[in-house]
Amino acid sequence: MITCDLHSHTCHSHARDTAVQMYEAALAKGLAVFGFSEHSPRPERFTYTREYRDRLNAGLPDYVREVKALQADGRCRVLFGMEIDWFESDQDFVRRAATQFDFDYLIGSVHFLGEWGFDDRQEDWDRLSAARKDECYQAYFTTWRKMIETGWFNIAAHPDLIKIFSVDDFHRWLAREASLRLVKEGLLALKAKGMGMEISSAGIRKPCREIYPCAAIMRMAADLGLDITFASDAHATEDVAHAFPRLATYARAFGFADSVVFAHGATSRMAF
Ligand SMILES: [Zn+2]
Ligand SMILES: [Zn+2]
């Protein structure tokens, strides 16, 4: 049984529920470790259709205070983290975000290619030709590797998020040897930096209807002996530890038997 969920959000960003409510959901699910990984505010050029920048900027001190208070509760081990966006053009901004608080751990995420939030809208993808989509997949994994190579983060989030709105095209692209090689470069960097690769049930709830990452990437990760983490990426209490029995079966099928927990520079393992 997976008893550790290292990816969750609160109402300080675009999620629905409070930190206390998310924590109570973690307790109800029998989790031993629960990681809060609220989004970090983005520079103004990087905008989603439903933008929550102002609310998040205003709520960040409360987020920190609330998570710290929950750490004292003791019924479930609470980790204070953040999900940091990687912006290749704004690396100083990213670095500041990654060092703004005394975090237990950090998740690094690529949600933007240039200034395009590619996980925002299906319509954006419906307009793209097959060739243009291939360029996006290529750009995503090139960017993903650069994010990893900074060494600023502990976990690489939702490794194949780029498939979110075009899963069939993505698999067509990934079946090529050159594509697999590119993804593998990212995984090798991840191993070199001592990071964990996230296995996330969020994809099941998105239009791609697949766990992040897909089987081909899981196979490479297993061959390379990568460390893994489990994530629901919950934005509401009912999604805390979402589909974890399915994630456990999935990970076990590739030979994984434990996941890692990052806490203030220390790494521990938890069997599942
Ligand atoms: Zn994310
Ligand atoms: Zn997230």
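Predicted model: local features only at pLDDT ≥ 70, side-chain atom pairs only at ≥ 80, totals over all residues.

Let's begin with the strands. Seen in order, β1-β2-β3-β4-β7-β8-β9 make up an open sheet of 7 strands with parallel pairing. At its edges are β1 (4-5) and β9 (227-231), each of which pairs on one side only.

In general, the strands of a sheet pair through backbone hydrogen bonds. For β1, the parallel pairing with strand β2 (residues 33-39) runs over 2 bridges. Cys-4 has Val-33 in β2 as its bridge partner.

## Two helices side by side

Next, look at helix α5 (residues 130-149) and helix α7 (residues 177-192), whose axes come within 8 Å and cross at roughly 15°. Angles under 35 degrees count as roughly parallel, and α5 and α7 are therefore roughly parallel to each other. The crossing of α5 past α7 is left-handed.

Several residues meet here, including Tyr-137, Phe-141, Trp-144 and Ile-148 from α5, and Leu-182, Val-183, Ala-189 and Leu-190 from α7. By class, this contact of α5 with α7 holds 8 nonpolar, 4 polar and 3 charged residues.

## A closer look at Asp-119

Finally, find Asp-119 in the loop between β6 (116-117) and α4 (122-126).

Beyond its neighbours within four places in sequence, Asp-119 is in contact with His-111, Leu-161 and Ile-164. Thr-249 lies 130 residues from Asp-119 along the chain, and their C-alpha atoms are separated by 27 Å.

Technical notes: Residues numbered from 1 in each chain as written. Chains lettered and ligands numbered in written order. Axes fitted to C-alpha atoms, helices over the stretch in contact; angles between N-to-C directions. Helix = DSSP H or I, 4+ residues; strand = E, 2+ residues; numbered from the N terminus. Parallel < 35°, antiparallel > 145°, perpendicular 65-115°, else oblique. Left-handed = near helix turned anticlockwise from the far one by under 90°. Contact = placed C-beta atoms within 7 Å. Nonpolar A, V, L, I, M, F, W, Y, C, P; charged D, E, K, R; others polar. Pairing = 2+ DSSP bridges.
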